Amino acid sequence: MKNVLEYLEKTAKRLPDKLAVTDGEEACTFEELRSNSARIGKLLSEFVSPGKPVAVMMKKSTKTLQIFLGTVYAGGFYCLLDPDFPDERHKSQLSTLSPQVIVAEPQTLEKIQRLGFKGKVIVTDQLFDRIKDIQEMPPVSDIVMDETEASASPTIYGASQPLYCNFTSGSTGVPKGVLVGHASVISFIDTFTELFGISENDVIGNQAPFDFDVSVKDIYSCLKTGATMVIIPTAFFRFPNNVMDMLEKYQVTTLTWAVSALVLLNRLHEFMYKVPPHINKVLFSGEEMPAKHLKDWMAQYPDAEFVNLYGPTEITCNCSYYRIDPTDVPEKLPIGCVFPGKIIYLIDENGRIIPDSENKTIGEICVGGNELALGYYNNEEATAKAFVNIDGIGRIYKTGDLGYRDGGKLIFAGRRDFQIKHNGHRIELEEVERAMNSLPGIGQACCIYDSAKYRIIVYYTGNEAPDRKAIVAGLKTKLPEYMLPNVYKFMDELPLSKNGKIDRNKLRELSQAK
């Protein structure tokens, strides 16, 4: 298999009338998903060059998924731009992507005009009206399987082509676009669905945003196996009773969620409202799951499988997993065993590969294998720094995470730099500091993450203590909501280390003092 659309076409042929996806308002069968996506692809192919991006400025929905797949039919790759992100972040993303076309909801047109985008803008309502009369493109499976033809088609639809680009923060405070190809996703999803027994009998409750790689597992597991995907609107998590109602209504069996979402439902005592009865798999990732909340979830679903997943976007979703024994839930969960198709190396400060048999020695987690991302789009410098070739090993991705082995299990031991996982999102604290330092009245800012209390604390100086409301309002024009600090601390001076740098250790001590 060379293209993810082959998943869709095979499943649509096998299960044409089965519900493929619903967002609670709109739904489509697998045949409708295939047919609509192929027609969208025909239309988009007029504007998109092979191997180039289509920016999709939409909320996640059934239509959004069809546009993603339509982009792939057109020979391009998709990138979701969250409409709620501030203009400054969108400008950075568009500068990196340089897309020929943006597909957008009507309410985002004013924003796109503000951004100064000069390419083709296709409005979703008009797109879905137009495709009714458009002839479908031929099945991709017919094209990519016939490599004897002297045609560009196998190149356009081949395994080496990019599939999607997800943006994450960069160490310089500039977002980077992680570009992932068809081959990596196919290899991972084939393993993932087999490893955790996902089948056409499952209903996957999608929690993750479509610009977050957790959603890749939801989308392509469904396309491969014939499982149904239920898209839970992000806004429902502000009123979690709606989430529980949706899980019950659609008989959801499988949750592939960020830890923060599971913790939220438990913290708000949602199981006192109802316990959706069909859940049998809970696969979580993004940060360490507190044992207290995990045990509460497991008490509600004693027969379900609970799995701790680990892995950054750059290695295609996950590289390790830990199946949790309900009779022995450790306070600190291991990140476990290596996924088939992946290789994990621990490399110490001297560049030595730590042997698998060597316990308790901390090293940087580096990942090899056949599922690495293609790199950072239009950023050769960052790609060369993170994806390196090592003699005798080959190409690996340096995660920046630290870990050690203990009795054959891999244990996460923190970050090398200032990147954090907060509420399921990867955040560079330098990006928050950069936005903070750009505000009027701010002298200097430094961010600390309090992992025990799941909060970002910003310490800052200025000529006088700026109004907090003004700071928050200013940050909202520069950062997504999930990146905003939780605690703001004004200081006359930031503590400095002996070499003149901000003493982050001192600030960490201050953050833990209260």
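In the predicted model, nine strands form an open sheet. Their order is β2-β1-β10-β9-β11-β12-β13-β14-β15. The pairing is mixed. Strands β2 (27-29) and β15 (337-338) are the edges, and each of them pairs on one side only. Within the sheet, β12 spans residues 281-285 and β13 spans residues 305-310. These two strands run in the parallel sense and pair over four bridges. Across this pairing, K281 stands opposite E305 in β13. Helix α2 (residues 30-44) lies across β1 (19-22) and β2. The helix runs at about 95° to β2.

The largest nonpolar core has 81 residues. Within this core, V185, Y220 and L223 have the most contacts. The surroundings of L223 draw on several parts of the chain. Neighbours within four places in sequence aside, L223 is in contact with Y7, L8, T11, F30, L33 and L69. Two of these partners, F30 and L33, carry numbers that fall in helix α2 (residues 30-44).

The structure holds three cavities of 30 Å³ or more. The largest cavity contains about 220 Å³ of space. Its lining is made up of 17 residues, and the closest to the cavity centre are F167, T168, D211, F212 and Y482. Strand β7 provides the largest share, with four residues.

V388 counts as buried because its relative accessibility is 19%, and the cut-off for buried is under 20%. Residues up to four places away in sequence aside, V388 touches G394, R395, I396 and K398. G368 is 20 residues from V388 along the chain, and the C-alpha atoms of the two are separated by 9.9 Å.

Terms used
Residues numbered from 1 in each chain as written. Predicted model: local features only at pLDDT ≥ 70, side-chain atom pairs only at ≥ 80, totals over all residues. Heavy atoms only, no water. Pairing = 2+ DSSP bridges. Contact = heavy atoms within 4.5 Å. Axes fitted to C-alpha atoms, helices over the stretch in contact; angles between N-to-C directions. Buried < 20%, exposed > 50% of the residue type's maximum accessible area, 1.4 Å probe, protein only. Core = buried A, V, L, I, M, F, W, Y, C linked by side-chain atoms within 4.5 Å. 1 Å grid on protein atoms, 1.4 Å probe; cavity = no way out; pocket = protein on both sides within 12 Å on 5 of 7 lines; lining within 4 Å. Points joined across faces, edges and corners; volume = space filled by probe spheres on them.
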